[in-house]
Protein chains: 2
Amino acid sequence: MVETNTNWRSELDDPEAFRAFAHEAVDLAADYLAALPERPVFQRMPPQARMNLLEAPLPETGLTAGTLLDRFQSEVMPYPMGNGHPRFFGWVNSPPTAIGIVAELLAATMSPSCAGGDHAAIYLERATVRWLMELMGFPTEGSMGILVSGGSMASLTGLATARQWASHRDGWNVRDDGACGGAQMTLYVSSETHTTVIKAAELLGIGNRQVRIIPTGADFRMDVAALETAVIADRNADYRPFAVVGSAGTVATGAIDPLDDIADLCADHNLWFHVDAAYGGPGVLDARVAHLYSGMDRADSLAIDPHKWLSVPVECGCVFVRDGTLLRQTFSLVPPYVQVEEGKGIGGLPWYAEYGFQQSRGFRAL
Amino acid sequence: MVETNTNWRSELDDPEAFRAFAHEAVDLAADYLAALPERPVFQRMPPQARMNLLEAPLPETGLTAGTLLDRFQSEVMPYPMGNGHPRFFGWVNSPPTAIGIVAELLAATMSPSCAGGDHAAIYLERATVRWLMELMGFPTEGSMGILVSGGSMASLTGLATARQWASHRDGWNVRDDGACGGAQMTLYVSSETHTTVIKAAELLGIGNRQVRIIPTGADFRMDVAALETAVIADRNADYRPFAVVGSAGTVATGAIDPLDDIADLCADHNLWFHVDAAYGGPGVLDARVAHLYSGMDRADSLAIDPHKWLSVPVECGCVFVRDGTLLRQTFSLVPPYVQVEEGKGIGGLPWYAEYGFQQSRGFRAL
């Protein structure tokens, strides 16, 4: 039965009503998870069920929480993506995990903005990112990292920092002057690099014609000799080669680029080394294959997705930058209404909003 | 007591163990919300409590869920940002709302990726974005919108689309050629525009020197005569003026720019009109001030933040684009492993990943 709520307050503003309702939701969630293995992995939605959602009219009045839960149960819950099923092998999407579900509940209960400030979520994010660095073998001293929406944003953040660094090296500032303020920059990826990196280059205004697609060998790993040839040719043509993206686990085949060789080449040619470890990074924890990741710790920036192999609910990506000061120089622009004095009020550590693109930020660290 | 779990499986993999644990977490959350009004709005964290989080070592073994909940209760929950308190008037951050908390629990229980596909979360997002358009008075026919991490990403998406449009109008493609592929573009904001818009321009490679800061009158609204003068001067200097950002509610004073006048000017001068309604947009629903928003419906793109006045948990922003095809042209780049055939398998509607920067995307629509 559809019940409307014409009061501007929610009936759940009473904490005891919230308690009863949330317990009901937990039972629904637990029943769903218990029944999941007996369901098909995936079924296309019946046309009518699609239309019920697609064409649902904007309600004229509020609905009660009970009505919303009923509709969720009958119209949404029966049609999942499939990644919760034990036999879902479709892609790299994490299944829902019990501890992650509860963490989302508790994070929303506090609902802080992790733009910055002196509250627990901020310090927990600092620790969480450091733990991820330690797990990946990335140096922590002087480095800075930040949780983001996923691998796309992590690579965008890394490449934006790379471009900032290159402009500084060449005596200008890309934030001030824009992409046309110096020699045109070129980026190097392999034919197996994820398309999100190319989208990042496009968004940055680099242009996909300035993204060089380096061939791979039969093992799907980047051909470093071909990379060097391309870098030299571009420099001779007055481009400004600025960064190479190595993959630590390509999505299509799991290939890990020769990271040490790429790091050597970057050092020789004054290039930024970004590692896309969004998918495959945690493989370094397996002693049988850890040697394949040699050189990952030499990255100038690295993208890792806790919402893939680490089974954190979407969305949770992370980027590390070896020179934390540079990350701040790339993104710091503090709006007047949050300029704070150190040691006073909500001040605290330098704000995350200075180290990334977002201002308001969720409590992903939990 | 700290209990470790050295098994690689979680003790919560059993749905009944999850059920009991989640009920415990709900009681913790309900107790917290009930006690919140009696607490101080905000307190700085004691130095030791900060250090406990900041310097927490990466555990050598897993911890049990019970230990994690205990630590959350003693080390995190006592130190909120303050926005849950009834007397928090600090910024525009939503308080935690009961229905939002439960929605986060249920979204994580399904944990789909809303990159795309034929599952309920996708159709619900289509409906949710359409509802937001209807609430804001934005035309729905031919438009497209997408939920994003917040106002920063919403404005970045709008301005990326604006730049794409401008390059098409001028006979080139900024995705291919990069920001230097045509005349240097200039963007127009007011002195009250949020700094996130300037960060977006910097990230796009436009450069803040190409962002013209138009003065406001004593009412903090953009001076449209000064805007026109600036546009003409730039065109005469061989720049390519491409977009104007109007604010529908500035964060500092709530001023609403003269949107109709700006829309007229954009039409006259062949400019894209982006409205930043992230903070103040929902004010249009108040009949006493709705007239101030006149012209908002003429925007080519619009940013609105459900995680501000609409009390959705962070993170939830949204962008509308009047020409949905153009939004897709700006972002579509489909990785080989998700290329699908229409009407088969997980196919479904054109994927959200083609309409925005992210690939994996959370279930914000719930």
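Visitor: Which residue just after H5(B) takes a positive phi?
Guide: In this predicted model, the residue is B:Gly137, and its phi is about 75°.

Visitor: And what is H5(B) itself?
Guide: H5(B) is the helix formed by residues 120–136 of chain B. Its 17 residues should span 24 Å at 1.5 Å a residue, and the end C-alpha atoms are 24 Å apart, so the two values agree.

Visitor: How many residues of H5(B) are buried?
Guide: Of the 17 residues in H5(B), 13 are buried, and the helix is therefore mostly covered, where buried means under 20% relative accessible area.

Visitor: Let us turn to chain A. What is the strand order of its open sheet?
Guide: The order is S3-S9-S8-S7-S6-S4-S5, seven strands with mixed pairing. Strand S3 (144–148) and strand S5 (211–214) of chain A are the edge strands, each pairing on one side only. On average, neighbouring strands of this sheet are turned by 20° against each other, direction ignored.

Visitor: How many bridges join S3(A) to S9(A), and are the strands parallel or antiparallel?
Guide: Five bridges join them, and the two strands run antiparallel; S9(A) covers residues 317–321. Within this pair, A:Met144 stands opposite A:Val321.

Visitor: Which helix packs on that sheet?
Guide: Helix H6 (residues 151–169) of chain A does, touching several strands, including S3, strand S4 (185–190) and S9 of chain A. The direction of H6 makes about 150° with that of S6(A).

Visitor: What holds paired strands together in general?
Guide: Strands of a sheet pair through backbone hydrogen bonds, either parallel or antiparallel.

Visitor: Now chain B. What is the strand order there?
Guide: Chain B has an open sheet of seven strands in the order S3-S9-S8-S7-S6-S4-S5, with mixed pairing. S3 and S5 of chain B each have a single partner strand, so one side of each is left without a neighbour in the sheet.

Visitor: Which way do S6(B) and S7(B) run?
Guide: They run parallel, joined by five bridges. B:Gly246 has B:Val275 in S7(B) as its bridge partner.

Visitor: Why do the copies meet through the same surface?
Guide: Because 100% of the interface residues of chain A are also interface residues in chain B.

How values were computed: Residues are numbered from 1 along each chain as its sequence is written. Chains are lettered from A and ligands numbered from 1 in the order in which they are written. This is a predicted model: local features need pLDDT of at least 70, side-chain atom pairs count only at pLDDT 80 or more; totals for chains, interfaces and linings use all residues. Side-chain values use heavy atoms; hydrogens and water are left out. Contact means heavy atoms within 4.5 Å. Two strands pair if DSSP finds at least two bridges between them. Helices (H or I, at least four residues) and strands (E, at least two) are DSSP runs, numbered from the N terminus. Axes are lines fitted to C-alpha atoms, for helices over the stretch in contact, and angles run from 0 to 180 degrees between N-to-C directions. The expected span of a helix is 1.5 Å times one less than its number of residues. Buried means under 20% relative accessible area, exposed over 50%, partly exposed in between (1.4 Å probe, protein chains only).
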